Structure formats: C-alpha cells, structure tokens
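Q: Please take a close look at one part of this model, for a reader who is new to it.
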Amino acid sequence: MTDQFEPTIIGFTCNWCSYRAADLAGTARMKYAPNVRLIRLMCSGRLDPTFVLRALSGGADGVMITGCHPGECHYIEQNYKALRRFLLLRRVLTGLGIEPERVKLVWASAAEGAKFAAETTTFVEEIRKLGPLCWGKDEDGRMKDDEDIGNSSIKTHPSSFEKEVPA
Amino acid sequence: MTEKIGVYVCHCGSNIAGVVDVEDVAKWAAEKLGHQGVVIARDYKFMCSSLGQELIEKDIKELGLTRVVVAACSPHLHEKTFRIAAQNAGLNPYLVELASIREQVSWVHTDKAVATAKSKAVVSGAVSRVIENAPLEEIKVPINPNTLVVGGGIAGIQSALEIANAGFHVYLVEREPSIGGHMAQFDKTFPTLDCSACILTPRMVEAGTHPNITLLTWSEVVNVAGYVGNFNVTIKKKARFVNEELCTGCGICQEKCPKKVIDDVYEAGLGYRKAVYTPFAQAVPNYPVMDKENCIYFEKGTCKACEKFCPTNAIDFNQQDQLLNIEVGNIILATGYDLFDARRVSNYGYGRLPNVFTSLEFERLSNAAGPTNGNIVLRDGKTVPKSVGIIHCVGSRDRNFNNYCSVICCMQGLKFAHLVHERTGATVYNFYIDMRTAYKAYDEFYQRVLEEGTLFVRGKVAEVTDAARYSNERGKLIVQTEDTLAGKQRRIPVDMVILSSGLQPRHDAKEVGKMFGISCSTDGWFTEKHPKLDPVATMTEGIYIVGCAQGPKDIPSSVAQGAAASARVLDKILQREVALEPIKATVNKEMCSGCRICNGLCPFNAIAFIADDNVSEINPALCQGCGTCVAACPAGAISGTGFSNEQINAQIDGLLMKNLEPVGA
C-alpha cells in the first residue's frame, strides 16, 4: 500500500448495458482501479439525484453514473432523462461548493467492457487529483457525526466556484 | 422486526478465493455486521453447486433466516439459482441479494488486501440493502399461442415450420414478394454440392401451404407493442395490385408487361425482370406483385397491358396498402444479412472494372436458372474466362471495414473454384489470408478442391488493376498480391475476379432492433442473451433471433438456430402462462399531488392521469420497471418495487460502511 490518496467512489450502473459492461470487463479479466463500488439500477433513468448527494455526504469522493449509449436504452429513451438530470445536478453541486467533476456520466454498451474499465481508472485518477471530498469528514478524513456536520463549515476546493458548468 | 440474515461467500474454486480472502470476508461479516442481523456467515467452495444450495436451504429452515446474501458472481448468472433455492426452503425469493465479488472484484483486481477490503464493502452494501427488500410475487400472464416470424429465408422458414408442425399458428412475414431469402439465389450449396433450389423449394411450398401458417409476403412489420405472451403487432401489407384470390399464377401478365427493370434484389443486378413480376419461377406464393415505381401505368397513366391480358381479371390498380393487427405471444426475428458493398474496397475495382464480380453475382451467373443459364462468362455475356481469381475476406477481417470473420466466405470461395473448374476448365487462383473450413466435411471439400488443381496463394491482395506492365498482362485484370508462403510479390493476370464479399447486418437492423426492443452489437448484429449458453434468445423476453440476423453463419447453422428458437417458443406456449418480473412502479394516491410530471416521462404510456381524482395511475401490465418516474416524482408518491429509495439508500450507506457499529460503542 502506498501513501497516495485512495478515493472512494460509488458507481450507479444500469442493468442492461453498463452493468453487463462491468460483467464483461470481469469475464475478460481486464484490470481496473478497485476504488469503485457499484450499485445496480434497472435504468440510468432511475437515478434520483439525491442518491448522488447521499453518497457524497456519506463519504464518497466521487460518483460515476453509467448508462446505455443514447439511442440504445432498453427503455427506449430514459438515459436521455438521466443526462438531463446529470447536467442539472452538476449545477446544483457547483452551488453547494462541490467540484462538479466529482460526478461523471459514462455511456457504456454491454459490449464495452474495455471502455468501462478504462473510464473507471481514468475517473479514479481525476478524483485523486481533486483530493478528498471533505464534506462530512474531519481533517484526518474520518467521518463526522451528523450533528458535527450541521455545525461545521463545509470545506471545498476553491476552484469549484470559478468553473461554470455548460448546460 | 429484527432480521436474521445469512451471508454466504463463494470461493468459486480459485476464481474468487485466489484473489479474495473469502474466509476473512465471512468472518468479518459475522462479527462486524452482527448488529445488522447477520446471524451466520459461511464460505463454501462452490455456492451454486447443489451442495452449496442445500447449505443455504438448510440454514433457512434450521436457523429461521429471513434474508440471504450470497457473495459470488454477477446476479445475471446466478441470481435465479439462489432465488429458487430460497423458494425451496420456504423463503420469498426476492429476499435474496447477490453481491458480485467475482466480476467486480476478484477478476478485475490483483492486490489481495485491496480486493478483500472491497469485497467486504460490497457484502456490507448487500446486507444493508437486503434488510429493506420486500417479499414480491411474480406476476403471471397468459401466453397467446400464436407466433410471429419475421423474415422468410431458410432460418425463418424452418422456425415457422417447426412451430406449425407442433400444432400452433404462425404468421410468417417477408418484405420481398417471395420467401426463400438468399438461399433461393444460390445454385449449389457447400460442401455437398446439393442443388439449392432442390432442397429449398419443398420447404418453401410446405410453408406456403401449411394450414397453421399465415404467409404474408410483400409485407413489413411497422409497430410492436406489448410484452412476452401478449405482443400486439401491426403489419403493413403493401399493395400487390394483384388480387390473390383471383390470380392463378399463370404468368401471362409478366409476359405482356412491356417494362423491363434491372433486378437488383434476386438477380443481384445481372438480370432483368418486368414491372409486374414474381422474382423467380419457384416463388412462394406464386402471385406476382406490381412494382409501382416502375409500372408505366403509374408513371404515365396508360398501358394496363397486364390488365388487358389477364384471363381471370386479377389485376387491380386500385389496391391500397393495408394495415393488419395481429396478437402473438412470441416473436422470432430471422431478418438475415446484406452483402458487404464491394465498391467500398476501391482498390479491388468492383464497379469500375467490369470483370470484377461479387459473390452474389457469381451465384446468379452459375445458377442454371440465372441470366446466363448457368454459363460462367465475362460481363460481355459470351466470353468464357480462361483464368479466374477468387479473393477471400473482402470487407471481412479488416479493421477498415468489418473486424469479424464472415464465416461462409472460405467455403464459398472453394465452391466457386470447384464450379469454375467444372464448367469452364479455367485456371483458378484462390487468394486467401487464412483458410477456415471448420465443420463436418468442410476440410475434406478443401482437399478435394486442392486436388482438382486450384492454385492457392496466401496473402492479402493489395490491388486488382487493368494497368498492364508486361505484354502478357494486356487486356487482363492483374491481381497484385504478396505471397506470404513464397515470400515474394506476385502479379497474376486473370480474365475474371470474384470477390468473396463478407456479410453485414441488414442496413436497417438498428431501426428494426429498436422497434422490437432488442439491441445490436457494435458490429450491428442483433445481440443474443448469452453468446454461448443462450444464442437464440435476447434480453427481451419473448423475442428470439435466428440465422444471420444474429451473426454470419452458413445454412446448417441457420436451420439449427431456427429449430432451436422454435423449441424455446413451444416451451413458452406449452407453459400457457408466463411469470413477469414484479419490478414495477406504483403510485401512492394519498401522496400524489396530480402534478403530472411522471406522465410525460414514461415511454410505454403506462401512466395515466385520472382527472376525477386528480391523481396519476400506473398500469402494471405496461410498466417495464425502469424507475424513471420514481426518481422524478417531486412528492415521493411513486415507489419502485425491487429498487425503492430505501433499498438504494441503504445500499449506498452499506457500501460506504456507514452501517458499521461506531467504534467504542
């Protein structure tokens, strides 16, 4: 183990394409960064933005949302709705003082195990550069109790205020 | 109520245990998740084996487990296995959660400590989630015993016949005027050299006259609604302008029609047909169709020669397209392939050099019923070639075009070599990259063609040109290639070049896939449920794919798949009802504010607004369970079974280990 920062990332994957891409990455024994823990949803359209906020406030340093490619959704077009919510969510995060780059949307078809693996590793590197999300954590990176969070000021990366998110 | 949870960690032989310390994961779960309700945690060599399942069943019965977490492979592989095990022990199957520590951990990570730690987090997430799981009942719906088969090539015909012979009704839809598909265009089939028409025609006639088959040619599916067991399909029956009830198929209209049209479909552009035509003599059904775009009457308003001479007054210029609505329980897609467009490989000169032919063109040229009566001649229609070059892998196994192997081209190239030899005595060169003759009696056929004196040159052909450098090349086509066995460059002059073109997905496969709710691979072929263990089913229950719609294959494989899909369909029909996943969304009327945000989000029109009550309502038969409305409801009035907010939030907390007992508590 090295001393470098190992981010914790929650991934939301849809049942039909991207979860199968993750399965394929496994079957093909592709190696990728171990920092992502996945949650299976039936569709990326199921992703309630509050899940992302809960993950971030609960100790995750980043959230990866994956879905089928536009036009390939098992539910016809629900991934477009996920895309819209993702773009809005990034604006909300900026407003909350969190770098919007901590949330990433990836399209991966069931055949794209390699893409899933590569995107995961890249994302872990990106979050590593951003550093730990100190929302809800004390200086040592330990989780604070809920009461403490209410009283403390939220520490954020200063650059998050300067960046404007494209709509 | 406190839950009693059992955690089972699978070794999967060394697949998981080789990277993850499974004993440690089990021990950890029992210790650290005890306050969550974990009463037992075990590890076992193969959880999915019957002994592994018995272990779980025994614990459920003896320890009174109320929830089960199995840390093993992907839920797509064994979720069903463990759900059935739970059910056998009297536990609701939806109270079982799978934690994927193989596909998501041991197979993709190498550091044992990190992999073990991640496995613990994944198990912790599953334990938190399973507490929130609710017992669910599968929804049973009756199966309509009728089946729709789309595509009337050999795969579709076989599928239709199998089901019809078993006593159930089949609608066979074909967009061309006759069934038969590509196989009807061939003269001989490899490796037996059977006459294609001799083996296909009886099958076509059987399908055309079968009392259980409704044959709809010159028709296309335009809409599909519903789900397994209960599909509602709209079919457009294009106007034939020939009354099928009056027509006797005598062929006088075709004789009298003055308009000659190049036949791009059946004759591959080598022959002609009339504006009113049956594509070939053995067509099924044997009624002609009128090609509206080329008919002189539709163009200029006069002619009607066909109508004048028709002895039974079957020509009807007033016919309109018809929309038919049918109800079926299962659908088999046998939509076939398109030939790779050889023009795209411009260095092979197809379309520019007249004596470069495609494989389908050569099939027509060598067909006794084809435009040259089976005489193999150059594009001038009379000169017999003295030397012929056959180029393999055109558009296949090539990163510029299609990465995949088209499976049939080697055998097809060998068949062409044999036919050229037999009928012209010409010198034949086969230019190949690898020779792939992998099935029964295929390699023997290759040996036979070798013994006949066909010359084989291994190496990818660089160019086919008519630019002569030497006197012996004048007026010839020169095949410029590297001979990798001899280790030199060659220029081989020939009279005729045949391109063994690859197979491609149908040009409209994407749209067709979308209409039927199935996906295409990156290459464009329809995606099967499992590449090895379920090659004819799709991710969409009740929809099957056979023949070349699934990927390149030869006739025997297409026939086998047609039969296989039919067996699956018959299995469904004989069960009489199908169990649907109970993953659905429901509206809590008390909480619904009637804002209608959810109404527009549903692509299946499953959400209706009830104006009288000012609330929305979800039709469980139409709901597919995607959950988009659940995520969108601002009042939190919609809940999604199997993927509720409580379940997902609990899983998030579990994955982040927030569910662990606080230190020192």
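Which residues does A:F12 touch, not counting residues up to four places away in sequence?

A: This is a predicted model, in which local features need pLDDT of at least 70 and side-chain atom pairs count only at pLDDT 80 or more, while totals for chains, interfaces and linings use all residues. Residues are numbered from 1 along each chain as its sequence is written, chains are lettered from A in the order in which they are written, and side-chain values use heavy atoms, with hydrogens and water left out.

With contact taken as heavy atoms within 4.5 Å, A:F12 touches A:I39, A:L41, A:L47, A:F51, A:V63, A:M64, A:I65, A:T66, B:I648 and B:I652. A:F12 is also, with A:V103 and B:I638, among the residues with the most contacts inside the largest nonpolar core, which has 49 residues. Such a core is a set of buried Ala, Val, Leu, Ile, Met, Phe, Trp, Tyr and Cys residues joined through side-chain atoms within 4.5 Å, where buried means under 20% relative accessible area (1.4 Å probe, protein chains only). Helix α2 (residues 49-57) of chain A gives the largest share of this core, four residues; helices are DSSP runs of H or I with at least four residues, numbered from the N terminus.

Chain A and chain B meet in a contact that takes 47 residues from chain A and 46 residues from chain B. The rule finds two salt bridges across the interface.

Note on methods:
Buried means under 20% relative accessible area, exposed over 50%, partly exposed in between (1.4 Å probe, protein chains only). Helices (H or I, at least four residues) and strands (E, at least two) are DSSP runs, numbered from the N terminus. A salt bridge is a side-chain nitrogen of Lys or Arg within 4 Å of a carboxyl oxygen of Asp or Glu.
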